[in-house]
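Please study the sequence and the structure shown below before reading the briefing. The points that follow are grouped by topic.

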Amino acid sequence: MMQEDKAALLRALTIDRTRPPARRGVPWKTVAAGLATGCIVAAGAYWYVIDGQPPARTAERAPAKAPPAAAPRSEPARPEPVRSEPATTTAQARPATPPPATVSAPAAAPAAAPARAGSLVASGYIVARRKATVAAEITGRIVDVLVEEGMRVEEGQVLARLDAALAEIDLSLARAAVDQAQATVAGHQADLRDAESTLKRVRSLSRNANASEADLIKAQARVDSLRAQIRAAEAQIETAKLDVSRRAEQLSKYTIAAPFSGVVIDKNAQPGEIISPVSAGGGFTRTGICTIVDMDSLEVEVDVNEAYIGRVAAGQRVEAVLDAYPDWRIPARVVAVVPTANRDKATIRVRIGFDGRDPRILPDMAAKVTFLEDRV
């Protein structure tokens, strides 16, 4: 029984080579369905491209398909797409498309236009022709400072005082020396009058033989000596008077005055400090009391490139604009062109003076100047 079952199983597993092999592959229905789906997708994509893409390609191909009737027109034939604005945008966005001649011509015109006359501009700063740091001519201790920043001072006004106790004593001694010399002269003059009277008596006695020749010579010598002493005393008086003048001048240096009228822009010393015309004392000695600026001497100094200096001349009209007041145009004129050049910067310095004075113009302000064509 088992043998029969095994034989039946072996027969079932035996390959029948007499039957033709079965044809394997994709069913034709599946292929047909795939082709149909591909055609539908292609048609949808084609209509999407035609309907969804902006009509730029149509606009680009339109001139080639333009009808012959548009040729006689003077203007170039324009494509007539359904939407013209997107076509213009697409044409401008494509870098390969050259711009029309009518657009490039106006753009080139401003570049070829010449520069406007009088457009030479230079930058500089406000400077003062009269500016001084007032200092003492002697070394001394400051006892009083009478100025502050921003104060206006007049010429000769006292700015500060130094300790002048010793100088006043020296002046008093010089004056006493004058008085002493004058007293000496007065004493010699009295002795001279007495000597002249004695000389007259001796001469009278000598004529009557009552006085010897020696007495006469002695009396004459005394008179001459007193006269010489008087001349020496008078010279001492002049010397003492000169010493008084020198001491008085020395004393005046202990009072520091303004050399000219102006405005104090900086205060450099305080009472109690030591001031000296030279720096000393390890940096603790002041060399100046204050700085004064003459506001009537303000002008602009600018550096002009030497390549353009031929467009600048003395007396030329100028418009100055301060950086602090950009809307304020200040009339001015060229004062002078400094006859030297800066080889490092290749510039020439030009001085410009204002036609009028204004309190808004301050030293060291930045300014820009425009040289006008009119030079009168």
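Which residue in strand 8 does Arg 141 stand opposite? Arg 141 faces Ile 274 in that strand. The model under discussion is predicted, and its protein chain contains 7 helices and 14 strands.

**The chain as a whole**

- The protein chain has 376 residues, of which 25% are buried.

**The barrel**

- A barrel is closed by 6 strands, which follow one another in the order 1-10-13-12-11-14.
- The pairing of the strands in this barrel is antiparallel.
- On average, neighbouring strands of this sheet are turned by 40° against each other, direction ignored.
- Strand 11 covers residues 317–322 and strand 12 covers residues 325–342; these two strands pair in the antiparallel sense over 6 bridges.
- Within this pairing, Glu 319 has Pro 331 of strand 12 opposite to it.

**Strand 3 and its partners**

- Strand 3, made up of residues 140–145, pairs with strand 8, made up of residues 274–275.
- The pairing of strand 3 with strand 8 is antiparallel and rests on 2 bridges.
- Strand 3 is also joined to strand 5, residues 158–162, by 3 bridges, and these two strands likewise run antiparallel.
- Opposite Ile 142 stands Leu 162 in strand 5.
- As background, side chains in a regular strand alternate between the two faces of the sheet.

- Ala 258 belongs to the loop between strand 6 (255–257) and strand 7 (262–267).
- Is Ala 258 buried or exposed? Ala 258 counts as buried because its relative accessible area is 5%, and the limit for a buried residue is under 20%.
- Leaving aside residues up to four places away in sequence, Ala 258 touches Val 153, Glu 154, Glu 155, Gly 156, Gln 157, Leu 159 and Ile 292.
- Ala 258 and Thr 133 are 125 residues apart along the chain, while their C-alpha atoms are separated by 9.9 Å.

Key:
Residues numbered from 1 in each chain as written. Predicted model: local features only at pLDDT ≥ 70, side-chain atom pairs only at ≥ 80, totals over all residues. Heavy atoms only, no water. Helix = DSSP H or I, 4+ residues; strand = E, 2+ residues; numbered from the N terminus. Buried < 20%, exposed > 50% of the residue type's maximum accessible area, 1.4 Å probe, protein only. Pairing = 2+ DSSP bridges. Axes fitted to C-alpha atoms, helices over the stretch in contact; angles between N-to-C directions. Contact = heavy atoms within 4.5 Å.
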